[in-house]
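Please consult the sequence and the model while reading.

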Amino acid sequence: PSHEPMQYYGLLGDYIGGVWGTLLTALTVFGVFMTFWWSRRMDYRAKTYQVFAEMLRTHEEIVTSLRIGNQTGRDTFSSVLSEFYVIYKLTRQVVDDDAVWSTSDRIDIAYTCTFFGPHIVSEEVLKDYGVEKIRQLFGEIHTARQTGKSERRQFGGHQLRLSHYFRNLFSAYTFVDGTRLSMEEKLALGKVLRSKLSNHEQAVLTLNIMSHLGAEWERTGLVEKYKPIKNLPSFFLTFDRSFKIKDRFPCVNFEWETTARDTVKVHRFAFRNWSFVLLRHLPRRLTGRSS
């Protein structure tokens, strides 16, 4: 009988050692795994941010290197936009019928000519719009180029300047979208990238997206997800009275929309409060309230 307590405690010790020892071992392994996983995650985030920072630096270097006539840097995008406006108006002189060339067609034609210039590349790319009409447009562009008084209207094409710019910008958004970061982190990085774009840059980017040259922006969902043209003012693109940017990009909640909604909310709030103050302090005989 004296051996029974010792046997009992021996069995209890074996039980505790077997169960709790296994549990503690499992917890230790889990803790080591979580530490390893967390360190790998932090290392991945650090490398991701490092690559993104390098892309931002490259973007700034590309912008700084841009030059058109006497304009450098971000000022060159106003020249590109000016050339597009002129070529878009020239499309009206060639074909004034919107049933033949719609607004979308004219944007594609004008931007393609702005990008490549009135050369054989543009003619080949735009042949579906009618070779003879495109050649007639080229003639109008050459006339405008000869009669232009400003260096800003050279109409020689901007492929050399813009191709690297858009390739790096598209790659930056694609890189962010393909990372294993959380959606909040991805959107935050997209916002940082968008903050680097001036209004004129976003305007030229908008034209690029609407043309066949930038179709990948919408096909891959980058425009809808990251909204790189969100800060473009409502009436910034004025090449055609019938063109409304919100109709073309209904998925983008533009900055001016948010501002307009906030203004309406403030006015409604102020109206309710002032109405309450007036009704409270006006004489009862004027408000019709009885005591």
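Q: How many helices and strands are there in the protein chain?
A: The model is a predicted one. In the protein chain, the secondary structure elements are 13 helices and two strands.

Q: What percentage of the residues in the protein chain is buried?
A: A residue counts as buried when its relative accessible area is under 20%. The protein chain has 291 residues, and the buried share of them is 35%.

Q: Is L24 buried or exposed?
A: L24 lies in helix α1, which covers residues 3-65. The cut-off for an exposed residue is over 50% relative accessible area. Because its relative accessibility is 52%, L24 counts as exposed.

Q: Which residues form a nonpolar patch on the surface?
A: Together, the members of this patch have about 280 Å² of accessible area. They are L23, L24 and L27.

Q: Is Q202 buried or exposed?
A: Q202 is found in helix α8, residues 199-210. Leaving aside residues up to four places away in sequence, Q202 touches R194, L197, P228, I229, K230, N231 and L232. Its relative accessibility is 0%, so Q202 counts as buried.

Q: Which residue has a backbone nitrogen that the side chain of Q202 reaches?
A: A polar contact requires N or O atoms within 3.5 Å. The side chain of Q202 reaches such a backbone nitrogen at 3.3 Å, and that nitrogen belongs to L232.

Key
Residues are numbered from 1 along each chain as its sequence is written. This is a predicted model: local features need pLDDT of at least 70, side-chain atom pairs count only at pLDDT 80 or more; totals for chains, interfaces and linings use all residues. Side-chain values use heavy atoms; hydrogens and water are left out. Patches are made of residues with over 30% relative accessible area and no salt bridge: like charges are joined within 9 Å, nonpolar side chains (Val, Leu, Ile, Met, Phe, Trp, Tyr) within 5 Å. Accessible areas come from the Shrake-Rupley method with a 1.4 Å probe; for residues, only the protein chains shown count as cover. A salt bridge is a side-chain nitrogen of Lys or Arg within 4 Å of a carboxyl oxygen of Asp or Glu. Helices (H or I, at least four residues) and strands (E, at least two) are DSSP runs, numbered from the N terminus. Buried means under 20% relative accessible area, exposed over 50%, partly exposed in between (1.4 Å probe, protein chains only). A polar contact is a pair of N or O atoms within 3.5 Å; within protein, one must be able to donate a hydrogen and the other to accept it, and residues adjacent in sequence count only if both atoms are side-chain atoms. Contact means heavy atoms within 4.5 Å.
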